[in-house]
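Q: I'm new to reading protein structures. Could you walk me through one, feature by feature?

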Amino acid sequence: MRDEFDNQTKEVLARRVGYRCSNPNCRKLTSGPQEDPTKAVNIGVAAHITAASQGGPRYDARLSSEERKSIDNGIWLCQNCAKLVDNDEQRYTADLLLEWKKLSEQAALLEVENLSPPSESSIVEDIELLRFYSQCFDRPAFQDPFRREGSMEAFDRAIADTITAINTGALRARDGTILAQAKGKSYLSNPEWREKMDTIVDLLRAIRSRYLLAVQTGQIYLGPEHQGQQFYDIRDEQVAEWMDSTRAEIIQLFSDLCEEAGIPPLRFPRFFRRRWDHYW
Ligand SMILES: [Zn+2]
């Protein structure tokens with residue numbers, strides 16, 4: 001028997017996150033108008049954090065049936081992300097999904113509180129936000145040539161963390177602790193700046209998709225892991241070139257934005273230092 005959520009639980013889950021997918025890397029709107037003016041489309045899913053029935057992803061036998069279908073065990077996701085998290089329970093653990101839920105609810109709350117029209121102080125706030133995003137780019141994943149990355153997995157995670165930081169305003173360290181807390185890009189009151197940050201996030205997402213594709217097709221070979229280090233081999237030079245040029249484009253776009261805002265552009269000194277201390 002599956003412990004399904006009732007309709008009210010689903011509705012509240014959706015509303016608590018403003019009908020957005022709770023994956024901080026996605027944040028897709030899951031609701032909108034249908035052609036029929038009396039109807040709305042919904043592409044959201046109330047997903048189970050631990051599975052609704054035995055054998056399902058992240059199933060937790062310790063939960064009672066009531067707990068399993070309670071709102072505490074639910075998370076609002078778009079259809080794609082719901083599929084994604086159920087296909088890879090090693091990567092998408094219950095703890096990670098709970099973290100997503102919390103972040104997404106915080107983001108929705110900030111958005112609701114911040115409905116006042118833009119003022120002079122909002123320009124100052126915009127500049128502060130850009131400074132924060134600038135800090136998010138200050139990591140090896142944006143500084144080293146792709147071929148010199150210490151770890152492919154860490155590279156991919158760093159890109160994912162950067163997307164999360166720009167979308168939700170939470171910048172995390174390797175161990176998951178929050179280094180800095182600001183607001184997501186939807187709080188920028190200058191619409192042009194917001195649009196540029198959207199483009200940057202699209203490019204960051206493209207990097208992750210390209211990386212995944214390269215691994216799947218063998219353009220990047222990932223070897224076995226040994227003592228926390230994973231051997232890798234880039235077998236298609238075009239992938240490395242594409243990665244480097246796409247990152248250069250991101251850095252250029254962001255630096256232009258900094259210039260407009262009157263803050264220092266990204267400048268990455270290419271001196272050698274120990275990268276990914278965690279891995280060496
Ligand atoms: Zn999603």
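Q: Okay, which residues touch the most other members in the largest nonpolar core?

A: Keep in mind that this is a predicted model. The largest nonpolar core has 44 residues, and Leu130, Tyr133, Met197 and Phe254 touch the most other members. Two or more residues each come from helix 5 (120-136), helix 6 (152-168), helix 7 (191-216), strand 8 (229-234) and helix 8 (237-261).

Q: Which residues does Met197 touch?

A: Leaving out residues up to four places away in sequence, Met197 touches Leu130, Tyr133, Ile166, Lys185, Leu188, Phe254 and Leu257. Apart from the core we began with lies another one, of 13 residues, including Ile75, Ala82, Tyr92 and Leu97.

Q: Now the metal. What coordinates the zinc ion?

A: Cys21, Cys26, Cys78 and Cys81 do, each through its SG atom, at 2.3 to 2.4 Å. Along the chain these donors follow the spacing C-x4-C-x51-C-x2-C.

Q: What is the geometry of the zinc site?

A: In general, the ideal angle for four tetrahedral donors is 109.5 degrees. Here the angles among the four donor atoms run from 103 to 116°, and the site is tetrahedral.

Q: How many aromatic pairs are there?

A: There are six in this structure. To describe a pair of aromatic rings, you give the distance of the centres and the angle of the planes. Take Phe137 and Phe254: their ring centres are 4.9 Å apart and their planes are at 50°, so this pair is tilted.

Q: Where do Phe137 and Phe254 lie?

A: Phe137 lies in the loop between helix 5 and helix 6, while Phe254 is in helix 8, so the pair ties together parts that are 117 residues apart in sequence. Phe137 is buried, with a relative accessible area of 0%, and Phe254 is buried with 0% as well.

Q: Which residues do ring pairs link into a cluster?

A: Phe137, Phe142 and Phe254.

Q: And which residue lies over the face of Tyr187?

A: That's Lys183, at 5.5 Å from the ring centre.

Notes
Residues numbered from 1 in each chain as written. Predicted model: local features only at pLDDT ≥ 70, side-chain atom pairs only at ≥ 80, totals over all residues. Heavy atoms only, no water. Core = buried A, V, L, I, M, F, W, Y, C linked by side-chain atoms within 4.5 Å. Buried < 20%, exposed > 50% of the residue type's maximum accessible area, 1.4 Å probe, protein only. Helix = DSSP H or I, 4+ residues; strand = E, 2+ residues; numbered from the N terminus. Contact = heavy atoms within 4.5 Å. Donors = N, O, S within 2.8 Å, 3.2 Å for Na, K, Ca; no water. Tetrahedral: all angles 85-135°; square planar, octahedral: opposite > 155°, others 65-115°. Phe/Tyr/Trp six-rings, centres within 6.5 Å; stacked < 30°, edge-to-face > 60°. Lys NZ or Arg CZ within 6 Å of the ring centre and 35° of its normal.
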